[in-house]
Amino acid sequence: MEQNSSIRQAEVVVVGGGPGGYSAAIRAADLGKQVVLVEERSQLGGVCLIEGCIPSKTLIHAVEVAAAAEHAAKMGLSFSDLKLDVDVLRRWKEGVVDDLTQGIAGLVQRRGIDVIHGRARFTDNRTIAVAGAEATTLNLEHAIIATGSRVKEVPGVDNAGLWTSVEALNVSEVPERLLVIGGGYIGMELGRVYAGLGSRVTVVEFMPSILITADKDLAEVVLKNSRRRFEEVMLSTKVVGLEQSGGGFKVTVEREGETSTLEYDRVLAAVGRRPNTDDLGLEHTRITPDRQGLIETDAQCRTAEPHIFAIGDITSGIALAHKASREGKVAAEVIAGRDAAFDNVTVPAVVFTDPEIAYAGLTETEAKEQGIAYTKGKFPLAALGRGRALGKKEGFAKVLADASSGALLGVAVVGPHASEMIAEAVIALEMKATLNDLVDTIHPHPTLCELVLEAAEVAAGSSVHSNPPRKRRGQ
Ligand code: NAD
């Protein structure tokens with residue numbers, strides 16, 4: 001125990017104040033539990049709110065506004081002299097983050113949740129020691145571990161001086177030439193931000209496609225757009241050498257056995273994240289993370305210690321804030337004696353690229369791999385009235401249903417506001433809806449969400465806005 005450390009009893013200790021942790025703490029408090037929330041940072045909100053999802057979406061919105069202003073010329077609206085003031089943009093983004101973190105702090109405080117700022121480590125399976133200015137020993141009945149993840153280093157090269165998403169989201173400068181290593185979520189979203197702010201962006205991706213977990217037909221739409229806006233997107237390419245040189249970087253890449261060396265002003269590493277489970281004192285419990293650092297949990301989010309729960313990026317499955325917050329609520333409800341389980345049919349994936357990608361349920365790749373017989377309907381944005389009214393043609397929706405029962409299997413959208421459109425598919429999948437349920441549902445007109453309806457109609461063979469099958473023409 002640290003000197004001057006106080007000792008407290010806690011019904012529930014939540015370790016980590018990100019979207020998973022604060023949701024768990026609030027839900028547990030609302031269900032009558034006495035909750036202590038331990039967070040190392042001075043603010044609540046975690047990576048997502050402070051240095052991830054929220055700042056990145058704020059910056060993406062700014063570049064979308066600039067792109068919309070440019071696009072408006074086609075409609076006879078011209079703006080002269082569109083200028084960027086990076087300091088104002090940064091302050092705007094910080095203002096958004098500050099408002100939200102203060103909002104979370106208020107929600108937590110008004111529930112009487114005790115927030116301790118410091119680093120938590122288990123000293124045994126019933127005790128957590130919090131180090132730091134507010135050093136405390138917590139004797140706990142239940143714990144929820146929600147410590148999230150951190151950026152992975154680029155393997156095999158010196159990472160000194162590289163930007164991670166944290167530095168990139170600080171927008172301390174707009175480099176003239178930016179190399180992004182990794183064509184995943186972060187690489188493609190932040191590549192979009194910096195291309196929009198005026199950088200010449202190059203992406204190097206190890207795999208033969210960007211956004212490898214999305215179906216190829218979706219990723220292709222974003223790849224085509226990115227190739228127009230970025231300097232280059234190099235696929236099946238590996239960074240094999242990296243050295244700082246004259247304020248910039250000399251980077252050697254290898255593709256099909258051929259190497260080339262290029263110079264950049266900044267390099268952003270975006271090659272994935274790893275769970276924060278290595279410095280939690282878990283060796284003093286029966287919880288043993290696997291080789292990747294992930295903690296095994298059951299459907300109620302319990303670990304090998306039945307009174308300790310784990311949620312979010314430190315557990316298996318997709319590392320997304322909305323999965324963490326759902327798991328946090330499940331863990332809190334189980335602790336409060338409710339019959340809760342993380343039995344969700346799907347965790348939607350959303351990528352805020354240009355255009356956006358969103359999908360829920362089975363991807364087409366998964367359906368093929370699992371040998372599932374499916375019917376598919378695809379409908380292009382270019383044929384949708386609202387899409388045309390917005391001047392947007394790039395994208396489509398895709399609906400998959402079980403070939404015999406018609407049960408909805410998966411929905412994917414690539415296009416503007418795909419992130420909003422996918423919510424309909426998520427609820428349909430959770431409610432075990434069929435293709436006909438989607439087709440018979442009146443969608444408001446003219447809206448982008450009709451794209452999903454149109455794709456469902458194509459899959460059901462009842463599409464009004466597609467050409468008739470060849471054999472019926474002229475009948
Ligand atoms: P990612 O797993 O999405 O992508 C990493 C990419 O880097 C992969 O495509 C991988 O093939 C590539 N890669 C790995 N090593 C490489 C190397 N040496 N050289 C070149 N390419 C290499 O990871 P990320 O983009 O760092 O994002 C981390 C996580 O953060 C995501 O998995 C996601 O869970 C979360 N995130 C989500 C959102 C969102 O929901 N919109 C946005 C940002 C981040």
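Begin by selecting the shell around the ligand, which by class holds 13 nonpolar, four polar and three charged residues, where Ala, Val, Leu, Ile, Met, Phe, Trp, Tyr, Cys and Pro count as nonpolar, Asp, Glu, Lys and Arg as charged, and the others, Gly among them, as polar. The model is a predicted one, in which local features need pLDDT of at least 70 and side-chain atom pairs count only at pLDDT 80 or more, while totals for chains, interfaces and linings use all residues. Residues are numbered from 1 along each chain as its sequence is written, and side-chain values use heavy atoms, with hydrogens and water left out.

The shell has 20 residues, the closest being I186, E189, E205, A319 and V350, and a residue belongs to it if one of its heavy atoms lies within 4 Å of the ligand. Next colour helix α6 (residues 185-197), which gives the most to this shell, with four residues; helices here are DSSP runs (H or I, at least four residues), numbered from the N terminus.

A ligand nitrogen is 2.8 Å from an N or O atom in the side chain of E189, a ligand oxygen is 2.6 Å from an N or O atom in the side chain of E205, and a backbone N or O atom of G272 lies 2.8 Å from a ligand oxygen. Of the 840 Å² of accessible area that the ligand has on its own, the protein covers 81% (Shrake-Rupley method, 1.4 Å probe).

Finally, zoom out to domain 1 (6-150 + 274-335), domain 2 (165-270) and domain 3 (355-460), with bounds from an automatic or database domain assignment; the C-alpha centres of domain 1 and domain 3 lie 31 Å apart.

Terms used: A polar contact is a pair of N or O atoms within 3.5 Å; within protein, one must be able to donate a hydrogen and the other to accept it, and residues adjacent in sequence count only if both atoms are side-chain atoms. Helices (H or I, at least four residues) and strands (E, at least two) are DSSP runs, numbered from the N terminus.
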